[in-house]
Amino acid sequence: MATKPGERRLHILQTLAGMLEVPKGEKITTAALAARLDCSEAALYRHFASKAQMYEGLIEFIEHSLFGVINQISSEESQGLKQVELILGLLLRFAQKNRGMTRVLIGDALVHEHERLQGRINALLEKIEAALKQALRIAATQENLKPDADFGALANLLRCYVVGRWEQYARSGFTREPLAQWPQQWPMLYFACLSQSGLPGA
């Protein structure tokens, strides 16, 4: 039975993500992707104008997946520092469950692709940092942080922590899982945030 165009597009993206899960895998070509799908390259181009557009499809999936949950956290959790914890946990969990997507997030899969793709990832990371910054601002209104705390520096520190865990996961051949030390590391990050709490001696 023939599949609908949307289903075929999704199958192509799922297959591409699966091919990206091979650590140190060869550069992915449309010929290799077509072979995996048992179709012609021309068939691929009926659904995507270019390989770059396929990667854009993966980036859109990542963005919708992450921000669907981040927006839910922001609307349902009132405590700013709890929002930070939940957002960071989400980012680590997403990478652990989606190996191929992790390689897209750290730019590893985009090295030989169109430069606009890395621009899309950079914009995505900026949005994540902005969400963390907003959660920290909320924490300040709840008197957990100083009103004049350096929210930008804190949000960037947290972003760099997440990207570092993603990098380690991918570079280790997916053996160093992002969530492995999260229970021990969140308290460390929490106290880094509290260093901006305005407590005596802070």
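In this predicted model, the backbone oxygen of Leu20 lies 3.0 Å from a polar atom of the side chain of Arg103. Arg103 belongs to helix α6, which spans residues 99-105, and the side chain of this arginine also reaches the backbone oxygen of Val22, at 3.5 Å.

**Setting of Arg103**

- Arg103 has a relative accessible area of 11%, and because the cut-off for a buried residue is under 20%, Arg103 counts as buried.
- Leaving aside residues up to four places away in sequence, Arg103 touches Leu20, Val22, Asp108, Ala109, Ala170 and Phe174.

**Packing of α4 with α5**

- Helix α4 (residues 51-76) and helix α5 (residues 80-97) have axes that come within 10 Å and cross at roughly 155°.
- Because angles over 145 degrees count as roughly antiparallel, α4 is described as roughly antiparallel to α5.
- The crossing in which α4 passes α5 is right-handed.
- On the α4 side the contact is made by Phe61, Ile62, Ser65, Leu66, Val69, Ile70, Ile73 and Ser74, while α5 contributes Gln83, Leu86, Ile87, Leu90, Leu91 and Phe94.
- By residue class, the contact of α4 with α5 comprises 11 nonpolar and 3 polar residues, with no charged residue taking part.

Methods: Residues are numbered from 1 along each chain as its sequence is written. This is a predicted model: local features need pLDDT of at least 70, side-chain atom pairs count only at pLDDT 80 or more; totals for chains, interfaces and linings use all residues. Side-chain values use heavy atoms; hydrogens and water are left out. Axes are lines fitted to C-alpha atoms, for helices over the stretch in contact, and angles run from 0 to 180 degrees between N-to-C directions. Helices (H or I, at least four residues) and strands (E, at least two) are DSSP runs, numbered from the N terminus. Angles under 35 degrees count as roughly parallel, over 145 as roughly antiparallel, 65 to 115 as roughly perpendicular and the rest as oblique. A crossing is left-handed if the near helix is turned anticlockwise from the far one by less than a right angle, and right-handed if clockwise. Contact means heavy atoms within 4.5 Å. Ala, Val, Leu, Ile, Met, Phe, Trp, Tyr, Cys and Pro count as nonpolar, Asp, Glu, Lys and Arg as charged, and the others, Gly among them, as polar. Buried means under 20% relative accessible area, exposed over 50%, partly exposed in between (1.4 Å probe, protein chains only). A polar contact is a pair of N or O atoms within 3.5 Å; within protein, one must be able to donate a hydrogen and the other to accept it, and residues adjacent in sequence count only if both atoms are side-chain atoms.
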